[in-house]
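These notebook entries record what I looked up in the structure, item by item.

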Amino acid sequence: MASLGQPDQTTFYKGRGATYNPHNRFSPNRSVAGDDGWWREEVSTTIATEVREEVSKSALSWNRSPDLPFDRSLNPYRGCEHGCVYCYARPSHAYWDLSPGLDFETKLIARSGLVERLTEELCHPSYVCRPLNLSGNTDCYQPLEATYQTTRRLLELLLECRHPVTLVTKSTLVLRDLELLAEMAEYRLVRVFVSLTSLDTKLKRTLEPRAASPQARLRTIRELNTAGIPVGTLISPVIPGLTDHEIERLLEAASRAGARTATWMLLRLPHEVAPLFEAWLEAHYPERAAKVMSLMRQCRGGQTYDAQFGKRFRGEGVFADLIAQRFNRASRQWKLQPRTEQGLNTRDFRPPQAQGDLFY
């Protein structure tokens, strides 16, 4: 898949979050667009989604971050068609010789063979059961899932072997698996977290162009709760000067819809995400751009990002502390508990049957 050239950073692409393709930091070559004086056709503002398959060599990804409540995760897809311009996972696309910009949301990779690889890993004699997180990097219920159904088949396997799982999504497609998730909930095997960023539909259209609307996400919380599935919300990212004023309203709306837990994360701008986000601000909110970036630097020790454990999700400084205080106060008011993986059932785990076991 060849990457798109780097166009004017103020170009609006229909249904896309990024406004251009930043340079792949691992590539030895750099392409720069320039005017040579010759006539050329205008760049199309519509980009089709392309998908390629990748045969998986392993399923689980492991982490030792003290900031995360889980130590293992699984991502069925690379890249995400939701196109959230702020997505911290964008830089990972550079590992596949693609740009973290428009490529991240238009050139997707579907991982095949994950069910088989996960079965092998769960059967390993040294495997110890602890909650597994789906969507640690990209949304496991992005539009691609409607076709590939990899997430559903993974959940079916986890239910079969009584393995607990948590998942984060901003898609209504999770409701397709309502009955499956409800059955998992009966065995205390699942918790779902619906991500909320803003209740402003106009802002959402450019910030998260192909994700579900705020109202649809609240309906998803409501239906999950009605079905008896433990559901919480992730207020993420909190963007100083753009969405932070909505914290109290978001928590109230989530609680009224049926969420029982809540957590938050400050906007993260690693590697190429910082220039992508700044270009998006200049294109859509030029009057706020300087203020937003100034507040971000105040929360990141003068930089656009600080990756240190303990700081990367919450930031530091007066403004970050104020966000935390407001979030905690509103959470108490609406009786929302902190996110936790405690209480999920790990005692009933049984390794799935390997194919060869069927003959004994």
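The entries below concern a predicted model.

**Entry 1. Annotated span.** I first consulted the UniProt record, an unreviewed entry, which places the feature "domain: Radical SAM core" at residues 66-303. I then examined that span in the model: its end C-alpha atoms lie 22 Å apart, and its content is 39% helix and 17% strand.

**Entry 2. Aromatic pairs.** I searched the whole structure for aromatic pairs and found five. One of them joins Trp-264 and Phe-327, with ring centres 6.3 Å apart. The planes of these two rings stand at 45 degrees; since stacked requires under 30 and edge-to-face over 60, I recorded the pair as tilted. Trp-264 belongs to strand β10 (residues 261-266) and Phe-327 to helix α11, so the pair ties together parts that are 63 residues apart in sequence. I checked the accessibility of both against the limit of 20% for buried residues. Trp-264, at 4%, counts as buried, and Phe-327, at 5%, counts as buried as well.

I next noted Phe-277 and Trp-280, a stacked pair with 5.7 Å from centre to centre and 20 degrees between the planes. Both residues lie in helix α9, three residues apart, which is about one turn of the helix. In an α-helix, with 3.6 residues a turn, residues three or four places apart point the same way. Phe-277 and Trp-280 are both buried. Ring pairs link Phe-277, Trp-280 and Tyr-285 into a cluster.

**Entry 3. Helices α9 and α10.** How do the axes of α9 and α10 cross? I found that the axes of α9 (residues 273-284) and α10 (residues 289-299) come within 9 Å and cross at roughly 150 degrees. Angles over 145 degrees count as roughly antiparallel, and α9 is therefore roughly antiparallel to α10. On the α9 side I listed Phe-277, Glu-278, Leu-281 and Glu-282, which meet Ala-289, Val-292, Met-293 and Arg-297 of α10. By class, the residues of this contact are five nonpolar, no polar and three charged.

**Entry 4. Helix α4 and Gln-353.** For α4 (residues 150-160) I listed the buried residues: Thr-150, Thr-151, Leu-154, Leu-155, Leu-157, Leu-158 and Leu-159. Arg-162, which follows α4, has a positive phi, near 60 degrees.

Is Gln-353 buried or exposed? Its relative accessible area is 52%, so I recorded Gln-353 as exposed, the threshold being over 50%. Gln-353 lies in the segment after α11 (318-333). The C-alpha atoms of Gln-353 and Glu-160 are separated by 9.5 Å, although these residues are 193 residues apart along the chain.

How values were computed. Residues numbered from 1 in each chain as written. Predicted model: local features only at pLDDT ≥ 70, side-chain atom pairs only at ≥ 80, totals over all residues. Heavy atoms only, no water. Helix = DSSP H or I, 4+ residues; strand = E, 2+ residues; numbered from the N terminus. Buried < 20%, exposed > 50% of the residue type's maximum accessible area, 1.4 Å probe, protein only. Axes fitted to C-alpha atoms, helices over the stretch in contact; angles between N-to-C directions. Parallel < 35°, antiparallel > 145°, perpendicular 65-115°, else oblique. Contact = heavy atoms within 4.5 Å. Nonpolar A, V, L, I, M, F, W, Y, C, P; charged D, E, K, R; others polar. UniProt positions renumbered as here; feature names shortened; annotations may be inferred. Phe/Tyr/Trp six-rings, centres within 6.5 Å; stacked < 30°, edge-to-face > 60°.
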